[in-house]
2 protein chains.
Amino acid sequence: MQIPQPYLLFLGDVSDPLAAKTARGIHAWRPQASVGQMSLSGCTVSLGLPELTPSEAKQKGAQTFVLGIANAGGYIPEDWKEIVIEAIRCGLNVASGLHQKLTDFPELVELAEQYQVKLFDVRYHQPKLSVGSGLPRSGKRVLTVGTDCAVGKMYTSLALESAMQNLDMNAQFRATGQTGLLIAGEGIPIDAVVSDFISGAAEWVSPENDAHHWDIIEGQGSLFHPSYAGVSLGLLHGSQPDWLVMCHEMGRPHTRHLPHHPLVEINDCVYLNLYNARLTNPNVKLAGISVNTSGYSEEEAKEYLANLSEEFQVPAVDSVRFGIDSIAVFLKENAA
Amino acid sequence: MQIPQPYLLFLGDVSDPLAAKTARGIHAWRPQASVGQMSLSGCTVSLGLPELTPSEAKQKGAQTFVLGIANAGGYIPEDWKEIVIEAIRCGLNVASGLHQKLTDFPELVELAEQYQVKLFDVRYHQPKLSVGSGLPRSGKRVLTVGTDCAVGKMYTSLALESAMQNLDMNAQFRATGQTGLLIAGEGIPIDAVVSDFISGAAEWVSPENDAHHWDIIEGQGSLFHPSYAGVSLGLLHGSQPDWLVMCHEMGRPHTRHLPHHPLVEINDCVYLNLYNARLTNPNVKLAGISVNTSGYSEEEAKEYLANLSEEFQVPAVDSVRFGIDSIAVFLKENAA
């Protein structure tokens with residue numbers, strides 16, 4: 001299920017940096033994972049990578065052509081399809097995060113077979129799953145959880161992986177969303193699995209491991225989000241985390257996309273996550289709080305974080321603004 | 001999405017009454033929904049319905065031929081397929097609860113088109129879904145929840161519907177599993193939807209209704225089941241229940257299929273269900289406890305139920321042994 005790296009990152013003709021979020025994430029967190037970028041005329045976003053054709057990228061060792069961009073509707077336009085065909089003819093695998101599947105085009109499937117390359121539709125990418133067993137497994141696990149969607153759970157997980165590796169801890173990011181999956185080259189987009197298999201998918205994502213190996217599992221949604229809480233709970237149970245890192249955005253007034261739902265208090269959210277997590281790991285604890293404070297001054301942010309740290313007796317950080325080292329150190333010092 | 005009734009219930013050659021559980025459930029709860037049964041040689045199970053061929057059933061008004069039985073592996077054997085073909089040729093729709101899809105046989109799909117009938121694979125039966133909105137909607141809702149899987153949530157829901165209708169309440173069973181779906185003729189098997197849509201599916205199953213209309217929603221799994229809790233939580237949020245009925249089996253030592261997981265205490269289970277349900281309905285309350293006491297004497301059962309009723313201040317019943325009228329009366333008297 002591994003997506004072969006390194007990549008050639010396709011940027012299309014995007015002009016909105018947000019539309020290239022996945023490509024930027026891959027380059028930011030796995031700078032060695034890409035040999036170059038490919039953009040079309042009109043594209044105003046650059047990752048600062050060499051501009052390469054599929055053929056040039058193949059010569060530089062690229063293994064997979066990645067459509068790591070978003071476009072309106074998630075459809076694959078005709079001119080992009082021509083480029084995908086070119087990539088396949090050059091012997092590159094193709095990975096796409098778009099809604100429309102590569103494998104919905106019979107000519108692409110046929111061509112991929114002919115050139116013996118693989119098509120990865122990461123939004124739908126999943127192995128044959130079993131229902132969760134709830135059985136304890138060896139290895140240490142950290143899960144990022146949140147007061148809401150889009151509060152930085154993936155960023156926090158990747159930043160924590162990096163900070164822990166800097167402390168010589170054997171830490172490994174585990175992807176549960178499509179962007180994370182392209183960054184890691186493996187994982188399961190857990191919101192796309194059949195609901196019976198949520199916790200089974202989480203067990204698959206972070207399998208049994210050495211006692212001193214750390215999985216840093218990318219969380220999804222929130223137990224307090226009325227649309228997605230089922231995914232969050234299944235992921236919590238299946239991950240069997242030893243430690244939770246709570247993610248939050250300072251000052252967010254209400255649950256994302258639901259103006260009628262005020263955002264939960266961090267306190268209640270920590271409580272309910274720990275309560276539920278004990279079902280599969282009675283020793284679960286809070287390891288830290290990771291906050292997006294970007295809407296506030298540095299002084300306000302620091303005071304807010306200091307208060308959280310005092311209240312919960314764990315490090316509270318803004319991992320973008322001030323780094324996440326203190327949570328990595330806390331985990332190293334407090335690991336059993 | 002309605003499966004047209006009445007049915008002809010196919011019993012195949014089953015000799016184990018449990019294998020005919022769905023057919024028996026349909027006949028027990030919707031006695032008017034079937035014109036007859038059809039069994040093959042070797043079948044030792046009978047519903048006491050007239051034995052009819054598809055052609056005879058069609059003449060008696062049958063609209064759908066129902067494969068409401070289980071067989072090893074869930075596959076459709078060759079001789080059953082021949083009978084399905086005969087049913088289609090007689091102008092009957094076909095509904096199946098088996099793992100293998102009717103629609104996986106191109107010849108059945110083609111024949112159904114030719115005879116203008118529909119094929120319903122109820123295990124996979126779903127409309128185009130949206131993510132849950134969490135928005136309040138009118139009408140009253142009761143959801144059955146449980147300390148585990150297989151503690152009588154469907155039975156309790158159907159029994160409560162019947163008891164409430166006897167009190168002239170406008171109550172309607174809402175199916176979330178495949179057996180329930182065949183009984184009601186509509187619904188969604190919620191464990192088969194993509195996990196992002198669990199609460200959206202629950203919202204679809206019990207749509208906005210008259211202020212005095214009651215949906216009695218069939219619960220699934222348990223918040224304390226490490227394999228399925230995500231489904232249970234999404235269903236709880238999407239259902240927005242005004243009332244919960246807790247289902248339980250007296251004396252069950254551990255969570256079903258998971259001997260390493262002791263069964264949760266009813267007290268903790270009531271607490272966590274109410275806590276989570278408040279996210280989408282702050283006024284949710286417990287309406288009763290429905291217990292399978294079949295492993296105990298009548299005296300032991302009555303004492304156990306009396307203690308539960310005293311502790312939780314709601315009716316506690318064994319709906320099979322003693323009926324569920326007291327919960328229906330409680331709902332009628334306490335409805336706002």
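Which residues is A:Ser195 in contact with, leaving aside its neighbours within four places in sequence?

1. **A:Ser195.** Leaving aside neighbours within four places in sequence, A:Ser195 is in contact with B:Ile190, B:Asp191, B:Ala192, B:Val193, B:Ser195, B:Ile198 and B:Val231. Contact means heavy atoms within 4.5 Å. A:Ser195 sits in the loop between α6 (178-184) and α7 of chain A. Its relative accessibility is 1%, so A:Ser195 counts as buried. Buried means under 20% relative accessible area, exposed over 50%, and partly exposed in between (1.4 Å probe, protein chains only).

2. **Basis.** This is a predicted model, in which local features need pLDDT of at least 70 and side-chain atom pairs count only at pLDDT 80 or more, while totals for chains, interfaces and linings use all residues. Residues are numbered from 1 along each chain as its sequence is written, chains are lettered from A and ligands numbered from 1 in the order in which they are written, and side-chain values use heavy atoms, with hydrogens and water left out.

3. **Cores.** The largest nonpolar core has 167 residues. Those with the most contacts inside this core are A:Leu160, A:Ile289, A:Leu331, B:Phe65, B:Leu160, B:Ile289 and B:Leu331. A second, separate core has 51 residues, including A:Leu8, A:Leu9, A:Phe10 and A:Ile83. A nonpolar core is a set of buried Ala, Val, Leu, Ile, Met, Phe, Trp, Tyr and Cys residues joined through side-chain atoms within 4.5 Å. In soluble globular proteins, nonpolar side chains tend to be buried together.

4. **A:Ile289.** Beyond neighbours within four places in sequence, the contacts of A:Ile289 are A:Met246, A:Ile266, A:Leu308, A:Phe312, A:Val314, A:Pro315, A:Ala316, A:Val317 and A:Ile327.

5. **α7 and α8, chain A.** The axes of α7 (residues 198-205) and α8 (residues 229-239) of chain A come within 7 Å and cross at roughly 45°. α7(A) is therefore oblique to α8(A). Angles under 35 degrees count as roughly parallel, over 145 as roughly antiparallel, 65 to 115 as roughly perpendicular, and the rest as oblique. Axes are lines fitted to C-alpha atoms, for helices over the stretch in contact, with angles from 0 to 180 degrees between N-to-C directions. From α7(A), A:Ile198, A:Ser199, A:Ala202 and A:Glu203 meet A:Gly230, A:Val231, A:Gly234, A:Leu235, A:Gly238 and A:Ser239 of α8(A).

6. **α8 and α9, chain A.** α8(A) packs against α9 (residues 266-277) of chain A at about 50°, with axes 9 Å apart. The two helices, α8(A) and α9(A), are therefore oblique to each other. A:Leu233, A:Leu236 and A:His237 of α8(A) meet A:Asn273, A:Asn276 and A:Ala277 of α9(A). Helices (H or I, at least four residues) and strands (E, at least two) are DSSP runs, numbered from the N terminus.

7. **Backbone points to check.** The peptide bond from A:Gln5 to A:Pro6 is cis, with omega near 5°. A:Pro6 lies in the segment before β1 (7-12) of chain A. The bond from B:Gln5 to B:Pro6 is also cis, with omega near 5°. A:Asp168, not a glycine, has a positive phi of about 60°. A:Asp168 lies in the loop between α5 (153-166) and β7 (170-174) of chain A, and is exposed at 73% relative accessibility. B:Gln313 has a positive phi near 60°. B:Gln313 lies between α10 (298-312) and β11 (316-317) of chain B, and is exposed at 56%.
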